Amino acid sequence: MVDQSKPQEAARGLLTRGWQRVSDILAAVLTLLAIGWAVSFQRTIGLDIYPQQFFAAMLAITLALAFCTLPAKRNELRQTVPWYDAGFALVSLIAVGYVAVKYPDLVLMIFARPIELWLPSILIVVLTLEALRRASGWALVIIILAFFCYAAVDSHGILGLPMSVATTIVVAFILFGVLLGITGGTSFFTDAAMIGMGRFRGGSMKIAVLASGLFGSISGSAVANVVGTGVVTIPMIKNDGYPAHRAGAIEAVASTGGQLMPPVMGASAFLMAEFLAVPYSDIVSAALVPALLYYIALFIQADLEAARLGIRAVSKEKIPSARRVFGGLHFVAAFAVLIYLLFWQRYQPERAALWAAVALIFTALVLGYGGVRPTLKQILASLSKTGHSVVEILLISAASGFVIGVLNITGLSFNLTYLLVQVGGTSLILLLFLSAVVCIILGMGLPTLGVYVLLAALVAPALIQLGVEPIAAHLYVRYFGMMSMITPPIALAAFAAASIAKSPSMATGIASMRFGWTAYLIPILFVFSPSLILVGTSGDIAFTILTAGFGVWLVSASLAGYFSGPLSMPIRVLFSISGLMALIPAEAFSGAFFTDIAGVALGIALMVHDAMKNRRGMNA
């Protein structure tokens, strides 16, 4: 029986004390190197090195750490490190360390391909793929091998753009998230969600939506978010009388949406900024309104479902005191520092995250939360915990470099873009449909970062070629790639929630699709109307946001089958029609403004009719 009180230890394997100490040291060094690079420590001490040398050093430690902590058979508990894994770890350090030290000389030999170049390269590729298999399974490995079959040579893909983002920005934000857990920040957000939503009908569901949205915007992993918050929220929702598969579904959708919610939005958002060569703040601004619409729809459905099923507020004894929650407001200060440095001071994301982490540590040491303050030992332990947490992300980033390298040297990206455009013809609607299908299929079973790299390289260029705004194209593929997390037959977030809820996996996945309906529709709308991603005049943007919000309310009521009372099927259909009409942005096509007005007018009429009907029924 695994000790559930030590999820991190169980996740990376139970090691004997000696090897556990080695792995913790490697993980701490990994984090310290990322911090040092983010603050340009190498320049301070007069060390002039290529970025690829730093990336190689990070990969060397990551591979060694992976072989120390990840068993050859996935989900197998590790009591010690077998001799062959110790050997793999040592070879990883030697081979990749050699590349890190000799990189300036090796670059000059790249076309001659001497043995001192190709031998370590082969070792690195094999070791990286094996470590990736252990971390995330066969799916991504098979895709990468398929790319290798297309192009047998890849000059320096591993140490490319994904590793640049992962070894600096991602590590800094993961450290920030780990520190939130150590200092009690995650408990504060859950408590705040309870005190904010627990007193309303369906409070348990609304707590899940709010807490998962807050936590997910930091964690960047839908499955980790489900596991982290779902163990608390899903049983709470079930205890209130909500069906198990829907309890799991609402948690899965709320957790998946965390990757859409600013200010952090997960690792792939930082990579998007690098791909588009725009400030990260531009990505956050563009993603804000669609993310809010996503969560507004989820909140409305939670509220109306609770009303339909008669689910009441959370019992008072389960709600923390306002005094306790007020004592944790200093956690908000860390986010204020992060947002201020990102948006007003235009700091690099990794530096903003590190300063926010410093602010978090300072306030937590001084003020604490719930009478508890972190110890210096816990804060130092966050370095190794961060290192362990980023192993899978760094391995995926290294593997993603393979894909980008193959696409660049073979022209495969151009050919696939050309094929998509040819199949789609000049019809943007057809191309959007084909792209959505490709995105969901490629996303099945893959981590968000890995699938985004594939989609950004293969699908987004085709959309841009037909005139879609580049940032809208990348957000589009990110949305649909991410929706594979809640779209059967392989819906990792929904299935993780189903295991906690003890509900049928497919039923939970189907319910998740219903709760997350906006994520299938909103991307299409912002492709046709960039005002949804804050591109356009202030008047257009305001009108689009208001009508879209109203449309989301109407469609959500239709799906719940309830407004002020139960809705008959014909009225539900009319609610859906009016909601979809209101959702269509005014500039989507000629005459769309009048479609909006008609949808809003019909929706208001339906709401008034339903309210009056139910009021008469109550007075009868």
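Colleague: Which residues touch the most other members in the largest nonpolar core?
Modeller: This is a predicted model, to start with. In the largest nonpolar core, I144, F176, Y280, Y476, V477 and F526 touch the most other members. That core has 175 residues.

Colleague: Which helix gives the most to this core?
Modeller: Helix α8, residues 161-183. It supplies 15 residues to the core.

Colleague: Take F176. What is it in contact with, leaving aside its neighbours within four places in sequence?
Modeller: F176 is in contact with A334, F335, L338, A353, A356, A357 and L360.

Colleague: What does the second, separate core include?
Modeller: A560, Y562, F563 and L606 are among its residues. This second core has 14 residues.

Colleague: Zoom out. How many helices and strands does the chain have?
Modeller: There are 29 helices and zero strands.

Colleague: And how much of the chain do buried residues make up?
Modeller: Buried residues are 54% of the 620 in the chain.

Colleague: What about contacts between residues at least 6 apart in sequence: what share joins residues at least 24 apart?
Modeller: The share is 77%.

Colleague: New topic. Where is G202?
Modeller: G202 sits in the loop between α9 (185-197) and α10 (203-219).

Colleague: Is G202 buried or exposed, and why?
Modeller: Buried, because its relative accessibility is 0%, and the cut-off for buried is under 20%.

Colleague: Which residues is G202 in contact with, beyond its neighbours within four places in sequence?
Modeller: A306, I311, R312 and A313. Take A313: the C-alpha atoms of G202 and A313 are separated by 5.7 Å. Along the chain, those two residues are 111 residues apart.

Colleague: Last one, the packing of α24 and α25. What are the angle and the axis distance?
Modeller: Helix α24 (residues 492-501) and helix α25 (residues 505-515) pack at about 125°. Their axes are 8 Å apart. That angle makes α24 oblique to α25.

Colleague: Is the crossing of α24 and α25 left-handed or right-handed?
Modeller: The crossing is right-handed.

Colleague: Which residues meet there?
Modeller: From α24, A494, F495 and A498. From α25, they meet S505, M506, T508, G509 and S512.

Colleague: How does the contact of α24 with α25 split by class?
Modeller: It has four nonpolar residues, four polar and no charged ones.

Key
Residues numbered from 1 in each chain as written. Predicted model: local features only at pLDDT ≥ 70, side-chain atom pairs only at ≥ 80, totals over all residues. Heavy atoms only, no water. Axes fitted to C-alpha atoms, helices over the stretch in contact; angles between N-to-C directions. Helix = DSSP H or I, 4+ residues; strand = E, 2+ residues; numbered from the N terminus. Parallel < 35°, antiparallel > 145°, perpendicular 65-115°, else oblique. Left-handed = near helix turned anticlockwise from the far one by under 90°. Contact = heavy atoms within 4.5 Å. Nonpolar A, V, L, I, M, F, W, Y, C, P; charged D, E, K, R; others polar. Buried < 20%, exposed > 50% of the residue type's maximum accessible area, 1.4 Å probe, protein only. Core = buried A, V, L, I, M, F, W, Y, C linked by side-chain atoms within 4.5 Å.
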